[in-house]
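Subject: Structure handover and notes

Dear colleague,

I am passing on the structure we spoke about, together with my notes on it. Please look through the sequence and the coordinates below before you read on.

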Amino acid sequence: MKGRSVARLTQADVTRLSADPTPARRAATMLAVANVYQGGDLSAEEREIANAIINAVLPEAELEYRRRLAETLKNAPGLERSIARRLAEDVMDVARPILAESLALTDEDLVAVIEHRGLDHARVVATRPQLSAAVSTALIKTDDETVVLRVAANENAAIPTQAYHRLLDRFADNANVTDAVAQRRALPVA
């Protein structure tokens, strides 16, 4: 398969890759496919084949290959949501670029990661440039100072009134948090 583009991959290639006993070669192929995937110029059939290759190899890939895959795919146009979600729920070295940047993750995905993974995952989600009300609320519910401070300082974080109340109730004595809230351009009247 070396040197072939995704445009010429067929289902037979996926089958052959699945039968390849060499994990390093399989992982290298996965990364090569990810590089083409990241370019975004794939037909629906090519994207399906690329997804099949990534899904076939990802569960067995070593940490370094998964980390490189996440870095390659973090801004990939049309990234399959299930792949983004698997990478986002991985160990932090793998999850970080996807959690911080991938638009393939929905608010539902981000909230699930916040609620079911450790604080390190939530802290990375809190660095996203835009945070919806649902994601901001889930982040504030962690009651972690670092997370709450990042949300409060992010002008592009939609924070519902109820979340503001929780934030200020829990961190009323924390000058960093109250200052970040006070600096926000738009605060609810309540």
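This is a predicted model: local features need pLDDT of at least 70, side-chain atom pairs count only at pLDDT 80 or more; totals for chains, interfaces and linings use all residues.

**Salt bridges**

A search of the whole structure finds 13 salt bridges, and I describe three of these pairs here.

Asp109 is buried, with a relative accessible area of 1%, whereas Arg85, at 23%, counts as partly exposed. Both residues also belong to a network of salt bridges that links Arg81, Arg85, Glu89, Glu108 and Asp109.

Another salt bridge joins the side chains of Asp144 and Arg123, at 2.7 Å from N to O. This pair links distant parts of the chain, since Asp144 sits in the loop between helix 9 and helix 10 (145-153) while Arg123 is in helix 8, 21 residues apart. Asp144 is buried, with a relative accessible area of 10%, and Arg123 is partly exposed, with a value of 25%.

Asp143 forms a salt bridge with Arg166, and the closest N and O atoms of that pair are 2.9 Å apart. Asp143 lies in the loop between helix 9 and helix 10 and Arg166 in helix 11 (residues 161-170), so parts of the chain that are 23 residues apart in sequence are tied together by this pair. Asp143 is partly exposed, with a relative accessible area of 30%, and Arg166 likewise counts as partly exposed, at 25%.

**Helix 7 and what covers it**

Helix 7 spans residues 107-116, and its buried residues are Asp109, Leu110, Val111, Ala112, Val113 and Ile114. What covers these buried residues includes helix 5 (81-88), helix 6 (92-101), helix 8 (119-125) and helix 9 (133-140).

**Arg47 and Tyr37**

Arg47 is found in helix 3 (residues 44-57), and because its relative accessibility is 18%, Arg47 counts as buried. Not counting residues up to four places away in sequence, Arg47 touches Tyr37, Gly40, Leu42, Pro77 and Gly78. The search for aromatic pairs, by contrast, gave a count of zero.

**Ala95**

Ala95 has its place in helix 6 and counts as buried, at 0% relative accessibility. Leaving aside neighbours within four places in sequence, Ala95 is in contact with Leu87, Ala88, Asp90 and His121. The C-alpha atoms of Ala95 and Arg67 are separated by 7.8 Å, although these two residues are 28 residues apart along the chain.

Definitions and conventions
Residues are numbered from 1 along each chain as its sequence is written. Side-chain values use heavy atoms; hydrogens and water are left out. Buried means under 20% relative accessible area, exposed over 50%, partly exposed in between (1.4 Å probe, protein chains only). Helices (H or I, at least four residues) and strands (E, at least two) are DSSP runs, numbered from the N terminus. Contact means heavy atoms within 4.5 Å. A salt bridge is a side-chain nitrogen of Lys or Arg within 4 Å of a carboxyl oxygen of Asp or Glu. Rings of Phe, Tyr and Trp (its six-membered ring) pair if their centres lie within 6.5 Å; planes under 30 degrees apart count as stacked, over 60 as edge-to-face and the rest as tilted.
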